[in-house]
Each structure stands twice: as C-alpha cells, then as structure tokens.
Amino acid sequence: MGCTHDCGSCSSSCTSKNNKNFKLECNKNSKIKKVIGVVSGKGGVGKSTVTSLLAVSKNRKGYKTAILDADITGPSIPKAFGIDHKAAATEDELLPVCSPTGIKIMSVNLLLEDETDPVVWRGPVISSTVRQFWTDVRWGEIDYMFVDMPPGTGDVALTVFQSLPIDGIIVVTSPQELVAMIVEKAVKMADMMNVPILGVVENMSYFQCPECGKRHNIFGNSRVDEIAEKFKTKVLAKLPIDTNISASQDNGAIENIDKDYFV
Ligand code: ADP
C-alpha cells in the first residue's frame, strides 16, 4: 500500500523489494570469499564478543580474517583488540587496521577523531557508512569476513543484508532473552533475504565455579537446543560467563584468550 516503486529510498521490506538485487560490488582491490553476519535481538547479549571470538578462532586456524564493524552507534571491536590508532586512507580508499595477530578491522571508531564522540547520525548516513566499509575499504584477500551487525532488525541491518553478499548469519542469544522469539525473527529475516542461518551461539550460558567446578545457570535454564531444533538450525557454541572474556576485552587482549569456543 502506498508503494511509490522507488525501492532505493523505501524502508519497507516487502517481497518485491527483497527480490531486487541491490548488492554492491566490493572494493576493487579486495577479494572476500565468505561474509558472515553476526546478529542479536538486542544490545548487550555479547554479539561483538562472539564476533571477535569467531574471528580469533578462524584467524588461529590460518584463514585470512576480517571484521567489518557495522554496529556504528555501539562500536566495540577496536577496543577489544587493543587498537588505539586511526585507520589510514589513500586518495580513494580506506585501509583497515590490522590487529596484533593480523585480523583486518574497519570500524567507525577507527575514523572518529575522538572515539568517545557519540555517533549521532541519522539512519541513512549510518547505512551509507556501512556500505562504504564494503566498497571503499581495501580489504585485500580475505577468507572470512565477520560483520558485527547492529542489534535488532532495523534500518541498518536491512541495508547490510541488501547491500552485502552475506553468505550466512549467526544468531547470538543469552538464556534470559525470549530466545524463541529472537531466533524466529532472525530466521524470518534471513528467509526474506534468502540468507541461510548457520547456527545459534548461546552466550552467558552458565557460570562454572572455579572452586568446585559446578555449573550455575545464572540467567535461567537454557532452551537453545530445543529452539535450534525447532528452526532446523544448530547450536554452534555455549559460552560461559567468564571474567576472562570481559577482562580480555577491557584490556584489548581478546586475541590472548587461550580457549577456542568454536572448534
Ligand atoms: P553486544 O555486542 O551484544 O552489545 P558485547 O559483546 O559488547 O554485547 O558485550 C556486552 C558486555 O558483556 C561487554 O562488557 C562484554 O565484555 C561482556 N560479556 C559478553 N560476553 C561475556 C561472557 N561470556 N562472559 C563475561 N562477560 C561477557
């Protein structure tokens, strides 16, 4: 209803729009084999943490790995990797910053003069920044690019799905959320965009007492297995609440975490 047939400026996600191909060519000096979007229902469940740990895991296995931080208003990737210098640029390209172990990263925080400045931009500006991260960043050869999506299923998430050739999405949940609803929303969005769900990661799944080894379900009992089965997807990992995880991000040393949760 009220369709102007100008899909480019419309935020609706109707079928005719979703079937149109708005995919952008990636930067001319880049070759990116797999693009994986990491999504969550809301902020604070550990989407950026999981994105970082997924990248660390792939990088350790010898794959050329990158993170495109599309969480423009809540960019936390550079800090987790201890990156405190800005991204460089040539006349027509931005250069990603390399983490200590060689993961290529682009984030709005690498471009802001002062990273504590809030990004108070409107939706279209945010969306166009994400598109530029795809078209104007000289990523080079990449085996796996992880896209830290903005939380939820709003404007920018839609832009990412429509503009980037996402090969699959990983859904991050925590036990206290309405997991079924969040997974269902993600499945529906992925279906609309013709993108497969690669699996679900349950973060803050449990706390294991360092003294006695007993597991405590701080945020309630997990239902992620039955929900994954219902939506015919799989549980990729269940991450504990672990101060090593939070402290390593606070100290910019997420690459030093000795455990690989995604074997
Ligand atoms: P989101 O990207 O979903 O907003 P973050 O990944 O930024 O969430 O995580 C929110 C906060 O929770 C961060 O301070 C992070 O260090 C912490 N956190 C995330 N996952 C864990 C975990 N498994 N154990 C301990 N702290 C965690």
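## Helix α6: E184 and K188

E184 and K188 both belong to helix α6 (residues 179-192), where four residues, about one turn of the helix, separate them. Helices are DSSP runs of H or I with at least four residues, strands are runs of E with at least two, and both are numbered from the N terminus. The two residues form a salt bridge, with 3.7 Å between the closest N and O atoms; the term denotes a side-chain nitrogen of Lys or Arg within 4 Å of a carboxyl oxygen of Asp or Glu.

E184 counts as partly exposed because its relative accessibility is 30%. On this scale, buried means under 20% relative accessible area, exposed means over 50%, and partly exposed lies in between (1.4 Å probe, protein chains only).

## Basis of the model

This is a predicted model, in which local features require pLDDT of at least 70 and side-chain atom pairs count only at pLDDT 80 or more, while totals for chains, interfaces and linings use all residues. Residues are numbered from 1 along each chain as its sequence is written, and side-chain values use heavy atoms, with hydrogens and water left out.

E226 and R223 meet through their side chains in a salt bridge of 3.5 Å, N to O. Both are partly exposed, E226 at 48% relative accessibility and R223 at 43%.

A salt bridge of 2.7 Å, N to O, joins the side chains of K238 and D225. K238 lies in strand β10 (residues 235-238) and D225 in helix α7 (residues 224-230), so this pair ties together parts 13 residues apart in sequence. K238 is partly exposed at 34% relative accessibility, as is D225 at 42%.

The whole structure contains nine salt bridges.
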